[in-house]
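Good morning, everyone, and thank you for making the time. Please have a look at the sequence and the model as they come up, and then I will take you through a few parts of the structure.

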Amino acid sequence: MAAPLELSCWGGGWGLPSVHSESLVVMAYAKFSGAPLKVNFIDNTWRGSRGDVPILTTEDNTVSQPAKILNFLRKQKYNADYELSAKQGADTLAYIALLEEKLLPAVLHTFWVESDNYFTVTKPWFASRIPFPLSLILPGRMSRGALNRILLTKGEPPLYRVQEVEAQIYRDAKECLNLLSNRLGTSQFFFGDTPSTLDAYVFGFLAPLYKVRFPKVQLQEHLKQLSNLCRFCDDILNSYFRLSLGDG
C-alpha cells in the first residue's frame, strides 16, 4: 500500500476550496491527476511560523512549493500531462513563467499590499485561522513577503517603492488575462478536453481573484469581463470540488 500523501494548506471561503493560489494549484493538480491527497487545512492547532504552505508530507518526505510538489506527484505516477505533446509541454512551461511574471504580482498586490483589501479581507481571514499569538505576527510577515516577491519579480531594487510600479503591475496582469482568454477560446481546458498542469496553475491564480469579495476590485472587474475564464473557473469548481465545498 502506498504511503499516505498529506497536504497542509490554507482553507476555503467564498465558494473556493482554498483562498490561497499556491494551495489551489496543488489541490487542482491532485484532482486532475488522481493523486489521493489527504488535505489538512491550517487551523488554530497549526505550529508553523513562516506561512510557507502548501506543504506535502509523506512517510519519508516533506515537499513545499507548488512546482516541487507537482514534480514529486509525477514521480509517484500521478501525471496530469501524459497526453501532452512535446510542444504542449514546452508551452506549459512558457505559460507558467508568464503567469508568475505578469499575473502573480497583481494577485499578490490585490491580496496583500492594497491596504483596503488587506485590512478588511486578507488580514482578518488569515489571522482567524492561525493560533494566537502567531495571528498577530504572521499576516504582516506574509504581507511583507508578498511585497518583496512583487519587487523581485519586477526586477527592481528591494527599496524601490511599490507605488511606482503599481500601474505597470496591473497593466501587465490585464494583458496576461487577455492572452489567457484568447488562448483558451471556446475550449474546456487549455489543451482540449483534459485538464493538465497549466489548467491547475491558471485556476489557482484566477479563482481567488474571481471569487473573493474585495473592496478594491480593479483586476477582478477586468477578469469578470472575460467570460470564458470565469466559466473555466466555475467548471473546475463544479466538476472537481463541488462535494468538498462546505464554506461559502
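Let me begin with a question: how are α4 and α5 oriented to each other, parallel, antiparallel, perpendicular or oblique? Before I answer, please keep in mind that what you see is a predicted model. Helix α4, residues 115-127, and helix α5, residues 134-153, pack with their axes 9 Å apart and at an angle of about 125°. Angles of 65 to 115 degrees would count as roughly perpendicular and those over 145 as roughly antiparallel, and α4 and α5 are therefore oblique to each other. As for handedness, the crossing of α4 and α5 is right-handed. On the α4 side, the contact is made by Tyr118, Lys123, Phe126 and Ala127, and on the α5 side by Ser135, Pro139, Gly140, Met142 and Ser143.

Let me now step back to the whole protein. The protein has nine helices and four strands, and along the sequence these follow the pattern β-α-β-β-β-α-α-α-α-α-α-α-α. Of its 248 residues, 50% count as buried. If we take contacts between residues at least 6 apart in sequence, 75% of them join residues at least 24 apart.

The strands come next. They form an open sheet of four strands in the order β2-β1-β3-β4, and the pairing is mixed. Which strands stand at the edges of this sheet? These are β2, residues 37-41, and β4, residues 62-64, and each has a single partner strand, so one side of each is left without a neighbour in the sheet. On average, and ignoring direction, neighbouring strands here are turned by 25° against each other.

With β3, residues 55-57, strand β1 pairs in the antiparallel sense over three bridges, and Glu6 stands opposite Thr57 of β3. With β2, by contrast, β1 pairs in the parallel sense over five bridges, and here the bridge partner of Ser8 is Asn40 in β2. Strand β1 also has two faces, a covered one with Leu5, Leu7 and Cys9, and an uncovered one with Glu6 and Ser8.

Which helices, then, meet the strands? Helix α2, residues 66-75, lies across β1, β2, β3 and β4, and runs at about 130° to β4.

Is Ser21 buried or exposed? Its relative accessibility is 10%, and because buried means under 20%, Ser21 counts as buried. Leaving aside residues up to four places away in sequence, Ser21 touches Val107, Gly204, Phe205 and Pro208.

The other residue is His222, which has its place in helix α8, residues 218-224. With a relative accessibility of 16%, His222 also counts as buried. Again not counting residues up to four places away in sequence, His222 touches Lys174, Leu177 and Asn178.

That is where I will stop, and I am happy to go back to any part of the model.

Definitions and conventions: Residues numbered from 1 in each chain as written. Predicted model: local features only at pLDDT ≥ 70, side-chain atom pairs only at ≥ 80, totals over all residues. Heavy atoms only, no water. Axes fitted to C-alpha atoms, helices over the stretch in contact; angles between N-to-C directions. Parallel < 35°, antiparallel > 145°, perpendicular 65-115°, else oblique. Left-handed = near helix turned anticlockwise from the far one by under 90°. Contact = heavy atoms within 4.5 Å. Buried < 20%, exposed > 50% of the residue type's maximum accessible area, 1.4 Å probe, protein only. Pairing = 2+ DSSP bridges.
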